[in-house]
Amino acid sequence: MRYSIGDVAEEMNLPTSTLRYYDRKGLLPFVDRDSAGRRSFKDNDLNFLQVIECMKKCGMTITEIRHFIDLCMQGDVTLMDRYELLEKEAATVKEQIQTLQDQLDFLHYKMWYFKTAVEADTEDIHMVPSGDGRRVDPDIHEQYREALEKCHDLSELIEVERDKRK
């Protein structure tokens, strides 16, 4: 079956301008043109577009994506090259996920910190005297880890019950 650029844009939930941009950047060498010069997409072209969108969301550059598409266009002689490129990208995505998980973990810690302060009506519960006045207790992270180990549901640990404050 054949699809117009509008059909593909709707199917992929992309603006037609994005598809035209991809074409200008050399990402769509597989797309045919009809006698009037309009792009004519095939079913398999949608698979390529899914790959392009995945790679874009992973943070790959247009140049990197074009390199992958070029490898695909060369056929079976590049199967291992394509596999290795995807393997490398998967490792990069795993690192990104770990970075985001670390950030989320820190946000949960800070949410716990403020939840407990809200419940006590003061941040003083987390403070200790210091030479400069007061500072956050240096054992606060350990206190959080201990609370985290005892909790069965993270939301109970970090979410403030707003109804009590009203």
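## Accessibility and a helical pair

A residue counts as buried when its relative accessible area is under 20%, as exposed when that area is over 50%, and as partly exposed in between. In this structure, which is a predicted model, Arg 145 has a relative accessible area of 44% and is therefore partly exposed. Glu 142, with a relative accessibility of 38%, is likewise counted as partly exposed.

The side chains of Glu 142 and Arg 145 meet in a salt bridge, with a distance of 3.8 Å from N to O. Both residues belong to helix α6, which spans residues 140-150, and because they are three residues apart in that helix, about one helical turn separates them.

## A pair in helix α5

Another salt bridge joins the side chains of Glu 119 and Lys 115, where the N to O distance is 3.6 Å. These two residues lie four residues apart in helix α5 (residues 79-120), a spacing of about one turn of the helix.

Side chains of opposite charge can pair when their charged atoms come close. In the model, Asp 34 forms a salt bridge with Arg 38, and the closest N and O atoms of this pair are 3.0 Å apart. Asp 34 is partly exposed, with a relative accessible area of 29%, while Arg 38 has a relative accessible area of 55% and is exposed.

Salt bridges also link Arg 2, Asp 32, Lys 42 and Asp 45 in a network. For the model, the count of salt bridges comes to ten.

## How helices α1 and α2 pack

Helix α1, made up of residues 5-12, packs with helix α2, made up of residues 16-24, at an angle of about 110°, and the axes of the two helices are 9 Å apart. Angles of 65 to 115 degrees count as roughly perpendicular, and α1 and α2 are therefore roughly perpendicular to each other.

On the side of α1, the contact is made by Ile 5, Gly 6, Val 8 and Ala 9, and on the side of α2 by Thr 16, Leu 19 and Arg 20.

Key: Residues are numbered from 1 along each chain as its sequence is written. This is a predicted model: local features need pLDDT of at least 70, side-chain atom pairs count only at pLDDT 80 or more; totals for chains, interfaces and linings use all residues. Side-chain values use heavy atoms; hydrogens and water are left out. Axes are lines fitted to C-alpha atoms, for helices over the stretch in contact, and angles run from 0 to 180 degrees between N-to-C directions. Angles under 35 degrees count as roughly parallel, over 145 as roughly antiparallel, 65 to 115 as roughly perpendicular and the rest as oblique. Contact means heavy atoms within 4.5 Å. A salt bridge is a side-chain nitrogen of Lys or Arg within 4 Å of a carboxyl oxygen of Asp or Glu. Buried means under 20% relative accessible area, exposed over 50%, partly exposed in between (1.4 Å probe, protein chains only).
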